Amino acid sequence: MKKQKLNYRFHNPNPADVTADYILKVFMEVNEKKVEQAVKTAADQLNYGAESEDGRDRMHEKSCLFAPYIIR
């Protein structure tokens, strides 16, 4: 039996920029946890072994730069 190829057609009455903005918001919402985990992993890798000899955390300022960019 031969498989029938499916054809999808979407009607979108919105302008392209509105559609792109909506799709971007959906992708950001869906991938929020992945982005947070990637930022946390990157910060942890930067902080690994980042303590100086006097016990101060040299990378604290750099890891804090990520905080404002996490979208909730």
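The model is predicted: local features need pLDDT of at least 70, side-chain atom pairs count only at pLDDT 80 or more, and totals for chains, interfaces and linings use all residues. Residues are numbered from 1 along each chain as its sequence is written, and side-chain values use heavy atoms, with hydrogens and water left out.

The secondary structure comprises 3 helices and 0 strands. Helices (H or I, at least four residues) and strands (E, at least two) are DSSP runs, numbered from the N terminus. Along the sequence, the pattern reads α-α-α. Helix α1 covers residues 16-30. Helix α2 covers residues 32-47. Helix α3 covers residues 60-64.

Confidence is given as pLDDT (the predictor's confidence in each residue, from 0 to 100). The chain average is 77, and 67% of the residues score at least 70. Helix α1 has the highest confidence, at a mean of 91. Helix α3 has the lowest, at a mean of 50. Over residues 65-70, pLDDT stays under 50. For that segment the model has 4 contacts beyond four places in sequence, a contact being heavy atoms within 4.5 Å. Where pLDDT is low, the predicted coordinates should not be read in detail.

Burial was classed by relative accessible area: buried means under 20%, exposed over 50%, and partly exposed in between (1.4 Å probe, protein chains only). Buried residues make up 8% of the 72 residues in the chain. Thr19 is buried, with a relative accessible area of 18%. Thr19 lies in helix α1. Thr19 touches Asn12 and Asn14, residues up to four places away in sequence not being counted.

The count of salt bridges comes to 2. A salt bridge is a side-chain nitrogen of Lys or Arg within 4 Å of a carboxyl oxygen of Asp or Glu. Side chains of opposite charge can pair when their charged atoms come close. Lys25 pairs with Asp21, and their closest N and O atoms are 3.5 Å apart. These two residues are 4 residues apart in helix α1, so about one helical turn separates them. Lys25 is exposed, at a relative accessible area of 51%. Asp21 is partly exposed, at 37%. In the other salt bridge, Asp44 pairs with Lys40, with the closest N and O atoms 3.1 Å apart. Asp44 and Lys40 are 4 residues apart in helix α2, so about one helical turn lies between them. Asp44 is partly exposed, at 41% relative accessibility. Lys40 is also partly exposed, at 48%.

The chain exposes about 7,400 Å², of which carbon and sulfur atoms supply 58%. Accessible areas come from the Shrake-Rupley method with a 1.4 Å probe; for residues, only the protein chains shown count as cover. Tyr22, Ile23, Val26, Phe27 and Val30 make a nonpolar surface patch of about 510 Å². Patches are made of residues with over 30% relative accessible area and no salt bridge; like charges are joined within 9 Å, and nonpolar side chains (Val, Leu, Ile, Met, Phe, Trp, Tyr) within 5 Å. Phe27 belongs to helix α1. Phe27 is exposed, with a relative accessible area of 51%.
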